[in-house]
Amino acid sequence: QVQLVESGGGLVQVGGSLRLSCAASGRTFSSYRMGWFRQAPGKEREFVAAISAAGSSTLYADSVAGRFTISRDNAMNTVYLQMINLRPEDTAVYFCAANPVRWGVTPNPAQYNYWGQGTQVTVSS
């Protein structure tokens, strides 16, 4: 069982930056591949970024590639999402998710077993 707690969301102006954190409980964090997803009002949850268990592989949605960076610190049981050059369309609740698979990355939310409660990101224009 893994519990995930996101933090770092908030209100930021267009072009600004935020760093989201997701703290995980448990001693097996380094065995989980991780993902970030987001959901805007009235829209389905969508994939943002993913990282492999060791951090050697990453994957990004086209809409955030070049602006967002996913990383992890397995010693701290934490995964991060650094976001720069934020746009109004990035406004959403951001969720982290965990999948107990060591290898590779996946953008498929159905493959993630554990989810955090989400953190709100609002980009004002």
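Arg 72 lies over the face of Phe 29, 4.4 Å from the ring centre. Arg 45 lies over the face of Phe 95 in turn, at 3.9 Å from the ring centre. The criterion for a charge over a ring is NZ of Lys or CZ of Arg within 6 Å of the ring centre and within 35 degrees of the ring normal.

A word on the basis. This is a predicted model, in which local features need pLDDT of at least 70 and side-chain atom pairs count only at pLDDT 80 or more, while totals for chains, interfaces and linings use all residues. Residues are numbered from 1 along each chain as its sequence is written, and side-chain values use heavy atoms, with hydrogens and water left out.

Next, the aromatic rings. Rings of Phe, Tyr and Trp (its six-membered ring) pair if their centres lie within 6.5 Å; planes under 30 degrees apart are stacked, over 60 edge-to-face, the rest tilted. The whole structure holds five such pairs. In one of them, Tyr 32 and Tyr 114 have ring centres 6.2 Å apart and planes at 55°, so the pair is tilted. Tyr 32 sits in the loop between S3 and S4 and Tyr 114 in strand S10 (residues 114-115), 82 residues apart; strands here are DSSP runs of E, at least two residues, numbered from the N terminus. Both Tyr 32 and Tyr 114 are buried, meaning under 20% relative accessible area, with exposed over 50% and partly exposed in between (1.4 Å probe, protein chains only).

Tyr 112 and Trp 115 also have centres 6.2 Å apart, but with planes at 65°, so that pair is edge-to-face. Tyr 112 is buried at 5% relative accessibility, whereas Trp 115 is partly exposed at 28%. Phe 37, Phe 47, Tyr 112 and Trp 115 form one aromatic cluster.

Now the sheet. Four strands form an open, antiparallel sheet in the order S1-S3-S8-S7, where pairing requires at least two DSSP bridges between two strands. Strands S1 (4-7) and S7 (68-73) stand at the edges with a single partner strand each, so one side of each has no neighbour in the sheet. Six bridges join S7 to S8 (residues 78-83), and Phe 68 stands opposite Met 83 in S8.

Asn 77 is buried, with a relative accessible area of 17%.
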